[in-house]
Amino acid sequence: MDNRNPSGHSNKGEALLEVIGAKKIFTVQREIFSREPIRIHALNGVSLTLFKGETLGLVGESGCGKSTLGRLIMHLEKPTEGRILFGGQDILAYGRQELKGYFRRVQLIFQDPQASLNPRKTAGDAIGEPLIIHRVMHGEEIRERVSVLLETVGLAKDSIDRYPHEFSGGQRQRIGIARALALQPELIIADEPVSALDVSVQAQILNLLKELQQSFGLTYLFITHDLAVVRHMSDRIAVMYLGRIVELAENRELYSRPLHPYTRVLFAAIPGLYPGKPHRRILREDPAARFTSSAGCPFYPRCPERIDPCKDSNPELRERLPGHFVACHLDIGQHPVQ
Ligand SMILES: Nc1ncnc2c1ncn2[C@@H]1O[C@H](COP(=O)(O)OP(=O)(O)OP(=O)(O)O)[C@@H](O)[C@H]1O
């Protein structure tokens, strides 16, 4: 792949999934008596590549479009524009059989393990269900496989006949992870997988996810608004703002040299990240900006470093340093050292 293309990546190995120019506009009726529906630009031209075996963290504030991107990749929503390639094939062109295969290879771990588990089904039922739906195995074979999966995620084998309410939040998330692993996927979309958990349990689940990645060669798209979590988990990190990726770089590079003013504002809000620098409040997104697709940079109204061109021209995501992509009109030299 051309490492200067706008999808924002240096050549990191074999691409597993490519999102190319994805846009998603939701049309909703704002008020009962209003004739004009409003258009919410949830994604405004997102391109990114996931390379085999990596964790790509996707970070940004609530409402910036992270989950929508995950849902497009999961084929739960269709993009208004753009393409999604898995192993080089367009998933939107898949027929029924190909889609079934895709749903085995790509799995989702949900934010809220409580809500994602049926209270009337045992842990064994929940974990074994994908094996039944996909007719991978039958009867006793399924029970054996579920027992192995329970052990894999650190739960006792005798958890198999217990119900969700008999588990703690962390244990329920382990069940969700075991279910996601049942079909031996290649790609896992983890959408805020620890944000509903106590801080003390979060690290255990994150470490489990890392171990599973090592053991099974998994690729993760790790969606979170939590900058500490994304830093702990990711090889590369994409920062989203209002439906766009504004910066993408290797983990260490991004934290040591954030170039986009939005990333800098986000990071300045982390206590202790930059000792000696004042701890600033995060600038909130302008909700009204979601309803328009302005020609200028989406961060223009709140950017502390804006310059004239930012008002009318939306900067492309470009490689400014090796492997470090930024959508900003400022020159590298204009970005003050953090
Ligand atoms: N089905 C839908 N219908 C209408 N608007 C939607 C729909 N799904 C998402 N949106 C809107 O799209 C925008 C992006 O939402 P999305 O859930 O992708 O953001 P997010 O970054 O994942 O935020 P959060 O972390 O709060 O889930 C928001 O303005 C949201 O209200």
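How many helices and how many strands are there in the protein chain? In this predicted model, the protein chain holds 10 helices and 12 strands. Of its 338 residues, 39% count as buried, and among contacts between residues at least 6 apart in sequence, 65% join residues that are at least 24 apart.

- An open sheet is formed by 8 strands, and their order across it is β6-β7-β8-β3-β9-β10-β12-β11, with pairing that is mixed.
- The edges are taken by β6 (106-109) and β11 (318-321), each of which pairs on one side only.
- From one strand to the next, the twist averages 25°.

- Strand β8 (residues 219-224) is mostly covered, with 6 of its 6 residues buried.
- Between β7 and β8 the chain passes through helix α7 (residues 199-216), giving a β-α-β crossover that is right-handed.

- Strand β10 (residues 244-250) is mostly covered, as 6 of its 7 residues are buried.
- Strand β9 (residues 236-241) pairs with β10 in the antiparallel sense over 6 bridges, and Met240 finds its bridge partner in Ile245 of β10.
- The hairpin of β9 and β10 has 2 residues between the strands, and in this hairpin Leu242 takes a positive phi near 45°.
- β10 is also joined by 2 bridges to strand β12 (residues 324-326), and these two strands run antiparallel; Glu247 stands opposite Val326 in β12.
- β11 and β12 pair in the antiparallel sense over 3 bridges, and the bridge partner of Arg318 is Val326 in β12.

**Helices that pack on the sheet**

- Helix α1 packs on the sheet, where it touches β3, β6, β7, β8 and β9, and its direction makes about 150° with that of β8.
- Helix α6 (residues 169-181) packs on the sheet as well, touching β6 and β7, and its direction makes about 175° with that of β6.
- α1 is mostly covered, with 6 of its 8 residues buried, namely Lys66, Ser67, Thr68, Leu69, Leu72 and Ile73.
- In general, an α-helix has 3.6 residues a turn, so residues three or four places apart point the same way.
- Just after α1, His75 takes a positive phi of about 65°.

**The shell around the ligand**

- There are 14 residues around the ligand, and those that come nearest are Phe26, Ala42, Ser62, Ser67 and Thr68.
- At least two residues of this shell are supplied by each of β1 (15-28), β2 (38-51) and α1 (66-73), and the largest share, 3 residues, comes from α1.
- By residue class, the shell divides into 5 nonpolar, 7 polar and 2 charged residues.
- Two of the residues that come nearest to the ligand, Ser67 and Thr68, are also among the buried residues of α1.

**Met74, a loop residue**

- Met74 lies in the loop between α1 and β4 (81-86).
- Met74 counts as buried because it has 20 C-beta neighbours inside 10 Å, and a residue is buried if 20 or more other C-beta atoms lie within that distance.
- The C-alpha atoms of Met74 and Ser200, which are 126 residues apart along the chain, are separated by 30 Å.

Methods. Residues are numbered from 1 along each chain as its sequence is written. This is a predicted model: local features need pLDDT of at least 70, side-chain atom pairs count only at pLDDT 80 or more; totals for chains, interfaces and linings use all residues. A residue is near a molecule or strand if its C-beta atom, placed from the backbone, lies within 6 Å of it. Helices (H or I, at least four residues) and strands (E, at least two) are DSSP runs, numbered from the N terminus. Ala, Val, Leu, Ile, Met, Phe, Trp, Tyr, Cys and Pro count as nonpolar, Asp, Glu, Lys and Arg as charged, and the others, Gly among them, as polar. A residue is buried if 20 or more other C-beta atoms lie within 10 Å of its own, exposed if 12 or fewer, and partly exposed in between; C-beta atoms are placed from the backbone. Two strands pair if DSSP finds at least two bridges between them. A crossover is right-handed if, with the strands pointing away from the viewer, the path from the first strand over the helix to the second runs clockwise. Two residues are in contact if their C-beta atoms, placed from the backbone, lie within 7 Å. Axes are lines fitted to C-alpha atoms, for helices over the stretch in contact, and angles run from 0 to 180 degrees between N-to-C directions.
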